[in-house]
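Before reading on, please look over the sequence and the model below. The notes after them go topic by topic, so that each point can be checked against the picture.

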Amino acid sequence: MIELDDVCRSYRVGDSEVHAVQHVTFRIGGGEHVAIMGPSGSGKSTLLHILGCLDRPTSGRYRFRDRDVGDLSDEERSHLRQNEIGFVFQFFHLLPRLTAQGNVELPMLFAGVAPGERRQRAADALRAVGLADRAHHRPDQLSGGQRQRVAIARAVVMRPSLLLADEPTGNLDRSSAEEVMTLLEKISGDGRTLIVVTHDPEVAQRARRVIRMSDGRIVEEAE
Amino acid sequence: MRFADVAGFAVGALRGHRLRTSLSVAGVAVGIAAVVALTALGEGARSYVTREFTSLGSNLLIVIPGKVETTGVMPFGGVTHDLTLDDARAVSRRVPGVVRVASIAIGTEAVHWQDRSRSVPVLGVTASYQKIRQLEISGGRFLAPGEGEQGGNQLVLGAKAAHELFRGTNPLGRVVRVGSWRFRVIGVMAPKGRALGFDFDDLVLIPVKTAMQMFNRTSLFRILAEVESSGRLTPAKEGVLRLLEQRHRAEDVTVVTQDAVLSAFSSILGVLTLTLAGLASVSLSVAGVGIMNVMLVAVSERRREIGILKAVGAGNRQVLAAFLAEAVVLSTVGGALGVGLGALAVRIFVAFYPTFPASPPAWSIAAAMAVAVAVGVGFGVWPARCATRLDPVAALTGR
């Protein structure tokens, strides 16, 4: 499903060139659960952004479902993000002015789903994450764990084949973190690929495969 | 993405920033209100002048003695023949299309009755002057046909002159003195008010021939000729010129049509309206820069939101549409508000000056709205493009 071939990503900060990702090559099959570990600054988030088509590699090849993503236009990449990829972020990244329901509807808004269907599917997604009764609360009226569950509902509402989570438990207490991870695993259980970036060994342990990164390179791969 | 969703998203975003939204809406509203109010005043001035002219009679030819031209040899601009009552009679009889003709002589003199006196314009006229200037009589009668040319001692008082001199006494049949001449009051005019700055209430009317003798004039001040229809104005004007040229053996009169004067005024006032609209549009473009400012602030304040939108699959075109829609909603709401505000301002103005017929012309309302939307689109494009160019990773990580 995912093939990375000698992918590098560098950018300039002031006068110096930062090599965030260097010569990364790996494959991830459909339905796999992978954790990417490493200290901060090791390039794991940059790698995740490349996988999610938010960022482009400076060199190397990225094939997603047998298509070379490097060849795609901006519009095609946003189409890919819309239909194939769901994001979960450390800081939830919900729109504060929208309710939980509104936030979950957001991807469908841009996909042009009809309002009636949108409402129904968002309600279903919120029920699946156990927040049916919080649908009309705004993010500031929800706890951290609840916000992350709303974010998960938003990430899966378009039924993507790839779920990317960037430190999904980084801002949560132990029990909420446990809850959120269980939910992520449950929701990606039916054939979705789940890639979690974390520096928490406990979170990483839950994955079947762990990729360790340091200084932009893969230093270890473990099953 | 559906149109209604774009609009809904934009409105939602604007409602989320109430203060900023209301300030920029106010900016546009003031600009549009200025356009509407100022063009209303300009148009009002125009229709005011038009009304003043038509109250002075329509389809009028005005014959003025003398001709404005540059002459070379003769030091005093050539010989000017007098404009006489015979000329007036000839115009009335021999120019086709002319319905009635009035001759005018004018001067200022003190009118005395008992111990009161009042210095007023004294207008020597003929009977048809009443019809041509659309004057009404409130008591007694106007000069009868022929009386003006014979030069009797009949006198008609303007409404204000009658009130000032007689103070409630019935002036009809009384004898008044104008200078050293004695007249009998045969009528009092109904109030007419001012037209083009001339007060039709504060004057006296006497036979034109008497006036010429009194003021020692050999020439008439003006001849007014009313023409049957506006279509015959030009040929009648030619006819009058030719006739008088024949009679005077020189082209020594000037004939103007009242419509020519009117249209000159009208085009001057049209330019005035455009100038006012131009001034108002300056304030509108200031409002546009305000919108641009607000939207740029919105883009930089909402970097994270833009990043989120891109992460959940919004394409560049959709982000562009969403931010452009915000600018357009801002300016449209501001425009609608401004039209209301402008109309209100005009109403208040009219409440204070009821004689001034100011009302916003339909074209200015339509133009103001169109400009408002154009301002929204025009000044919204750049910020919206800034939003689409934003790197989603940078926006999300706050880099």
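What follows is a briefing on selected features of this structure.

The model is predicted, and the values given here are computed from it. Chain A and chain B touch each other, with 20 residues of chain A in contact with 20 residues of chain B.

**Where the chains meet**
- On the side of chain A that touches chain B, the elements that give two or more residues are α2 (74–83) and α3 (100–111) of chain A.
- Sorted by class, that side of chain A has nine nonpolar residues, five polar residues and six charged residues.

**An open sheet in chain A**
- Four strands of chain A form an open sheet in the order β2-β1-β4-β5, and the pairing is antiparallel.
- The edge strands of this sheet are β2 (16–28) and β5 (67–68) of chain A, each of which pairs on one side only.
- Strand β1 (residues 2–13) of chain A is joined by five bridges to strand β4 (residues 59–64) of chain A, and these two strands run antiparallel; A:L4, for instance, has A:Y62 in β4(A) as its bridge partner.
- Helix α1 (residues 44–51) of chain A packs on the sheet, where it touches β1, β2 and β4 of chain A, and its direction makes about 60° with that of β2(A).

**A strand of chain A covered on both faces**
- In a regular strand, the side chains alternate between the two faces of the sheet.
- In strand β6 (residues 85–88) of chain A both faces are covered, with A:I85 and A:F87 buried on one side and A:G86 and A:V88 buried on the other.
- Strand β6(A) runs parallel to strand β7 (residues 162–166) of chain A, to which four bridges join it, and A:V88 stands opposite A:A165 in β7(A).

**Chain B and its helix α3**
- The secondary structure of chain B comes to 13 helices and twelve strands, and 43% of its 399 residues count as buried.
- Among the contacts in chain B with a separation of 6 or more, 83% are accounted for by residues 24 or more positions apart.
- Helix α3 (residues 85–94) of chain B has B:D87, B:A88 and B:V91 as its buried residues; because they cover an arc of only 100° around the axis, they are on the same side of α3(B).
- These buried residues of α3(B) pack against β2 (98–113), β11 (222–227) and α8 (233–248) of chain B, whereas B:D86 and B:R93 are exposed on the other side of the helix.

**Nonpolar cores**
- The largest nonpolar core has 124 residues, of which A:I36, B:I32 and B:I291 touch the most other members.
- Leaving aside residues up to four places away in sequence, the residues that B:I291 touches include B:V28, B:L330, B:V375 and B:F379.
- A second, separate core has 54 residues, including B:V91, B:V122, B:I132 and B:V204.

**Two residues with positive phi**
- A:F92, found in the loop between β6 and α3 of chain A, has phi near 65°, a positive value in a residue other than glycine; A:F92 counts as buried because it has 22 C-beta neighbours inside 10 Å.
- B:R167, which lies in the loop between α6 (159–166) and β6 (175–178) of chain B, has phi near 50°, also a positive value in a residue other than glycine; B:R167 counts as exposed because it has 10 C-beta neighbours inside 10 Å.

Key. Residues numbered from 1 in each chain as written. Chains lettered and ligands numbered in written order. Predicted model: local features only at pLDDT ≥ 70, side-chain atom pairs only at ≥ 80, totals over all residues. Contact = placed C-beta atoms within 7 Å. Nonpolar A, V, L, I, M, F, W, Y, C, P; charged D, E, K, R; others polar. Buried ≥ 20, exposed ≤ 12 C-beta atoms within 10 Å, placed from the backbone. Arc of directions from axis to C-beta. Pairing = 2+ DSSP bridges. Axes fitted to C-alpha atoms, helices over the stretch in contact; angles between N-to-C directions. Core = buried A, V, L, I, M, F, W, Y, C linked by C-beta atoms within 7 Å.
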